[in-house]
Amino acid sequence: GDAKRAALAEGGGNERTEEAVARGLRYLASVQRPSGLWGDAGELDEKYGDVRVGKSGLCVLAFLGAGHTPQSSTQHSAVVERAIDALLALQDQSSGQFGDTEAYGHGIATYALAEAYALTQDARLAAPLERAIARILAAQARSDDPQIAGGWGYYYADRERRFDRWPRAAISAWQVMALESARLGGLAVPDAAFEAAAGFLRGTFDEDGGWYRYNHDPVRTGSAWPTLPASTPAALFALSLMDEPLDAPRLERTWEYVLTRAPRRYAWEGDDAFVLRGAGNVYFWYYATLACFRRGGDVWERWNAAMQSTLLPAQAANGSWRPIDPYADFARDSASDRSYTTAVCVLCLEVYYRYFTPLLRVR
């Protein structure tokens, strides 16, 4: 209603962004599987496991961002209800884990359900969320090494897959987002978990480069790709949720790092451009949209203009966005199912009013 229209006007959205969101959601609804998830069973990635879990979490977030819940009696209420039921059915009752997946998938699914609970106070979500939160808390790194303590890596300790011992900034950000949404919904999350996470994320700041590190692995930091671009806005956004000021003088170069990588073309330009310049990096655009919106002012105006001028013309006639990067390949996006890429683009274009939802509520 009027509040949403006011938020659009204040944040820099318009009728075109709203139409793009509506078309994107119609597309996502059209490719939801009968199971209630997005993607097909058996799509097990060697590294990420069952990619349906995280991908479906992102799709649920996209519907929630536009106000569609199982209780809203709106166009996509049934879509969201089926998806939530499907995610709940994947949870292991003893461990709290959502499906055969890793920290990305579990964290995103937990975040989506926590947002749904905070919006609806649906009692059936409370116990599954408590189990999922306990899973995240138990996996938070405890170490005397400040490069590890407080963060989260790819895999929880009891999973069969192994990658390495180094926590990541972006993975840690997803866990923080899940925990903070749960707390805003009224569930108990210890302050110590946030304090440790904030300490880890602060420690990823690279004073020389002005950006946040992907991790502290010397092999990574000494390579031609010493960080990945999404790590910086992911850390900024997560820290802002824990009351870190985004206008601190030491972050001036950090914001320039983000803004010089603002979207310019909706196209794949190669590995180096993807990593070093954020070109065609839809995942980086998602986190930067959140962080820049929280920052506000000229930073947000510059980012919003670039984001709209890139995403709006790139939307296909059926409401989807074409997969253009390696992360879409990992998520098993294809010509017939563009759900990961489309969900991320929709989330970017909902940012003007997603702060009505718990995680982005202005406090």
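Predicted model: local features only at pLDDT ≥ 70, side-chain atom pairs only at ≥ 80, totals over all residues.
The largest nonpolar core has 124 residues, and 17 salt bridges are found in the whole structure. Three of the charged residues, Arg33, Asp40 and Asp337, are linked in a salt-bridge network.

**Helix H8**

- Helix H8 comprises 13 residues, 191–203, and at 1.5 Å a residue should span 18 Å; its end C-alpha atoms are 18 Å apart, which agrees.
- Its buried residues are Ala193, Phe194, Ala197, Ala198, Phe200 and Leu201.
- These residues lie on the same side of H8, because the arc they cover around the axis is only 165°.
- An α-helix has 3.6 residues a turn, so residues three or four places apart point the same way.
- Exposed residues Ala192 and Glu195 sit on the face of H8 turned away from the buried side.
- The cover over the buried residues of H8 includes helices H6 (126–139), H7 (169–184) and H10 (231–241).

**Nonpolar core**

- Within the largest nonpolar core, the residues touching the most other members are Trp174, Tyr286, Tyr287 and Trp303.
- Helix H13 (residues 282–295) supplies the largest share of this core, with 11 residues.
- Neighbours within four places in sequence aside, Trp174 contacts Leu58, Tyr104, Gly107, Ile108, Tyr111, Tyr283, Tyr286 and Tyr287.
- In soluble globular proteins, nonpolar side chains tend to be buried together.

- Arg33 forms a salt bridge with Asp40, at 2.6 Å from N to O.
- Asp40 is partly exposed, with a relative accessibility of 36%.
- A salt bridge also joins Arg33 to Asp337, where the closest N and O atoms are 3.0 Å apart.
- Arg33 is in the loop between helix H2 (15–30) and strand E1 (44–45), and Asp337 is in the loop between helix H15 (326–330) and helix H16 (339–349), so this pair ties together parts 304 residues apart in sequence.
- Asp337 is buried, because its relative accessible area of 3% falls under the 20% cut-off.

- Glu180 and Arg183 form a salt bridge through their side chains, at 2.9 Å from N to O.
- Both residues belong to helix H7 and are 3 residues apart, about one turn of the helix.
- Glu180 is buried at 1% relative accessibility, whereas Arg183 is partly exposed at 29%.
- Side chains of opposite charge can pair when their charged atoms come close.

Note on methods: Residues numbered from 1 in each chain as written. Heavy atoms only, no water. Helix = DSSP H or I, 4+ residues; strand = E, 2+ residues; numbered from the N terminus. Expected span 1.5 Å × (residues − 1). Buried < 20%, exposed > 50% of the residue type's maximum accessible area, 1.4 Å probe, protein only. Arc of directions from axis to C-beta. Contact = heavy atoms within 4.5 Å. Core = buried A, V, L, I, M, F, W, Y, C linked by side-chain atoms within 4.5 Å. Salt bridge = Lys/Arg side-chain N within 4 Å of Asp/Glu carboxyl O.
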